Amino acid sequence: MNNCLCPPPPEFRINRIDDSKLKWLLLTMMRIREFEERVAELVIEKKIITPCHLYTGQEAVASGVCHALRKDDYLFGTHRSHGHYIAKGGDLKAAMAEMFGRATGCSKGRGGSMHLVAPEVGILGTSSIVAGSLPIAVGTALAESIRGTGRVTAVFHGDGVPEEGIWHESANLAALKRLPVIFICENNLYCTHMALDKRRVHDNLHRVAKEHGLESVVVDGNNVPDVYYAARDAVNRAREGYGPSFIECRTYRWRGHVGPNYDVDLGLRNQDELDAWVARCPIKHFAGFLVSIGILSKNDVEEMQRGVSFEIEEAVSFAVSSPFPDPADLTRYVFKGGASNDD
Ligand SMILES: Cc1ncc(C[n+]2csc(CCOP(=O)(O)OP(=O)(O)O)c2C)c(N)n1
Ligand SMILES: [Mg+2]
């Protein structure tokens with residue numbers, strides 16, 4: 001693991017991925033940041049009341065990984081998945097409407113912040129149950145390997161998840177059957193309010209994954225090209241039948257575990273630590289890099305930012321003008337084929 005915000009690997013400069021893709025990486029991170037920071041404001045204003053676990057600071061992970069995935073590849077997420085949803089191509093308006101509990105939301109207003117779905121772009125679900133997505137993701141990978149579709153499954157999870165038994169069962173089965181699944185561990189150093197070094201004797205998540213038989217790497221999760229290259233390699237291996245991988249992305253969430261506060265006042269982490277990670281902002285650094293190599297000008301970056309702000313405001317307007325679900329439909333979507341389920 002490289003603790004500094006290292007420059008992109010040489011290959012990145014030499015065999016540059018094309019400019020439109022570089023811009024996509026930056027744009028995606030900006031969209032996630034703007035979405036999250038707008039949601040934070042709306043929570044403070046009590047306009048959004050679903051509990052929101054914000055992704056600010058971790059944008060490079062979702063963006064780098066999803067850039068390596070195909071649209072029809074599958075994605076599973078967690079309680080902190082707005083970024084995964086956006087990076088995989090989920091509709092922004094539908095995501096914002098879900099935050100407001102509206103019928104036009106991606107989960108029809110029934111899921112809230114933690115339960116997002118968009119099967120049209122491969123997002124089969126995000127879940128509030130810590131580690132709950134793991135066995136489902138492995139099951140999906142098993143199904144796709146039997147069908148021979150070449151589809152890959154990416155499952156995002158936090159650093160708290162390898163402390164759950166089901167993570168070990170899932171990793172073992174995935175390795176045993178050489179399944180096309182990628183475990184992306186977003187190690188933001190905290191599980192709710194408990195730091196990694198208070199929970200583990202060793203800082204060894206990637207080694208544990210390796211022991212289970214997963215191809216395992218650690219990357220700087222604030223460096224989007226680093227994340228992309230690790231994900232690209234893992235996706236290629238999975239698609240070619242070489243089995244599962246584990247990518248530990250070292251990163252940090254700027255805001256507290258849940259909601260818009262920073263948790264510093266609670267004595268759970270200190271301001272110096274937060275400031276150091278804010279100084280390593282993945283967006284600021286990548287934008288600076290693209291400007292430095294002449295792919296974008298400062299004006300281009302500002303224009304992109306204005307476009308993103310406009311897009312998010314449009315999503316908010318769409319959400320607040322959308323209807324709530326009809327109470328008469330309460331039991332719809334509860335049971336497949338149930339009396340009131342005609343969808
Ligand atoms: C099975 C289960 N146990 C406990 C919880 C309560 N809980 C919600 S989020 C969380 C911490 C998850 O930490 P981590 O996996 O590191 O993800 P992060 O929040 O840091 O993104 C816990 C313990 C839960 N939702 N589900
Ligand atoms: Mg964590």
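Does Arg178 count as buried, exposed or something in between, and what is its relative accessibility? At 48% relative accessibility, Arg178 counts as partly exposed, where buried means under 20% relative accessible area, exposed over 50% and partly exposed in between (1.4 Å probe, protein chains only). This is a predicted model, in which local features need pLDDT of at least 70 and side-chain atom pairs count only at pLDDT 80 or more, while totals for chains, interfaces and linings use all residues. Residues are numbered from 1 along each chain as its sequence is written, chains are lettered from A and ligands numbered from 1 in the order in which they are written, and side-chain values use heavy atoms, with hydrogens and water left out.

Let's stay with Arg178 for a moment. Its place is in the loop between α7 and β4, and its phi is positive, about 50°, although it is not a glycine. Helices (H or I, at least four residues) and strands (E, at least two) are DSSP runs, numbered from the N terminus. Lys108, in the loop between α5 and β2, also has a positive phi, near 60°, and is partly exposed at 36% relative accessible area.

Now look for the open sheet of 6 strands, ordered β2-β1-β3-β4-β8-β7 with parallel pairing; two strands pair if DSSP finds at least two bridges between them. At the edges sit β2 (123-126) and β7 (215-220), each pairing on one side only. Between β7 and β8 (residues 245-250) there are 6 bridges, and Glu215 has Ser245 in β8 as its bridge partner. Helix α3 (residues 59-67) lies across β1, β3, β4 and β8, and runs at about 165° to β3. Such angles run from 0 to 180 degrees between N-to-C directions, with axes as lines fitted to C-alpha atoms, for helices over the stretch in contact, and contact means heavy atoms within 4.5 Å.

Next comes the magnesium ion (ligand 2). Its protein donors are Asp159 (OD), Asn188 (OD1) and Tyr190 (O), lying 2.1 Å from it. Donors are N, O and S atoms within 2.8 Å of the metal (3.2 Å for Na, K and Ca); water is not among the atoms, so sites may look incomplete. Asp159 is buried at 1% relative accessible area, and Tyr190 is buried at 10%.

Finally, find helix α12 (residues 298-320), which has 23 residues. Its buried residues include Val301, Met304, Val308 and Ile312. The buried residues of α12 pack against α2 (19-44), α5 (92-99) and α11 (282-292).

Conventions: Expected span 1.5 Å × (residues − 1).
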